[in-house]
Each structure stands twice: as C-alpha cells, then as structure tokens.
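Dear colleague,

Please find below the structure that I am handing over to you. A short account of the findings follows it.

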Amino acid sequence: TEPNPFAAFESSVATSLKALQLAISAQHERLLSEQDARLRSEWAAQREQERRDGSERDSFVELEAVAKRLRAENEDLRQKTASIAAMNFALKSSNAVLAQERDVLSARLAAAPLM
C-alpha cells in the first residue's frame, strides 16, 4: 500500500472545518447568552421601575413595548442562526468538493506511470 499523498491536506481541511464549526457554535452560544442576559436585566429593571411607580397600566404598556422589541431581537437571532446554518452547509459542501477533487487526483496519481 502506498502512503496517501493527500493525508496532510485532508487532515488540514478537516481540522479547519472543525475549527470553523466550533467558532460558529461558540458565536451562536455567545449570542444566545447575551440575549438571555439582556432579557434578565431588562426584566429586573422593569420590575424595579414598577415597584417605584406603582402604576400598573404604564407598566403594562412598557412591558408590551419591551415584548415587541424582544420579539424583533428574537427574529434577528433566528436570522443569524439561519445564516450560520447556511455557512455550515456551505463549508460541508466545500469539503465534499475538495474530497472529490482529492479522489480524482489520487486516481490520476495511481494511474500515472512510475518514472
């Protein structure tokens, strides 16, 4: 058996793909964590404000506004998640194309006469 001349290349592509997938996952987790912290902070601030004013009606209107803004932020996060998923799909597709090219080159190398 001959050593695979593309082993280093395959390993490099696999390592790069894995590193990119981990970076994408970490960014997604960071975005979720930031949104969660922001929601908790806003909720606590809103509760404190309600305690101070005692105005339930104003609090309800403010909560409605916060809920509307949070829904918009949630939609933005969904879009970012979809974008991350698309990038991940593109990376997997690129990896598949590189694997096909590697196989073609390997076949050519195997078929080439030894000099």
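How many positive and how many negative side chains does the protein chain have? There are 16 positive and 18 negative ones, and the centres of the two sets lie 1 Å apart. Here Lys and Arg count as positive and Asp and Glu as negative, while His and the chain ends are not counted; each charge is placed at NZ of Lys, CZ of Arg, CG of Asp or CD of Glu.

This is a predicted model, in which local features need pLDDT of at least 70 and side-chain atom pairs count only at pLDDT 80 or more, whereas totals for chains, interfaces and linings use all residues. Residues are numbered from 1 along each chain as its sequence is written, and side-chain values use heavy atoms, with hydrogens and water left out.

The protein chain contains 2 helices and 0 strands (DSSP runs, numbered from the N terminus: H or I of at least four residues for helices, E of at least two for strands). Its C-alpha atoms fill a box of roughly 90 × 15 × 15 Å along the principal axes.

Among the buried residues of helix 1 are Val13, Leu17 and Ile24 (buried is under 20% relative accessible area, exposed over 50%, partly exposed in between, with a 1.4 Å probe and protein chains only). Ala23, also in helix 1, is partly exposed at 42%. Buried residues make up 11% of the 115 residues in the protein chain.

Yours sincerely
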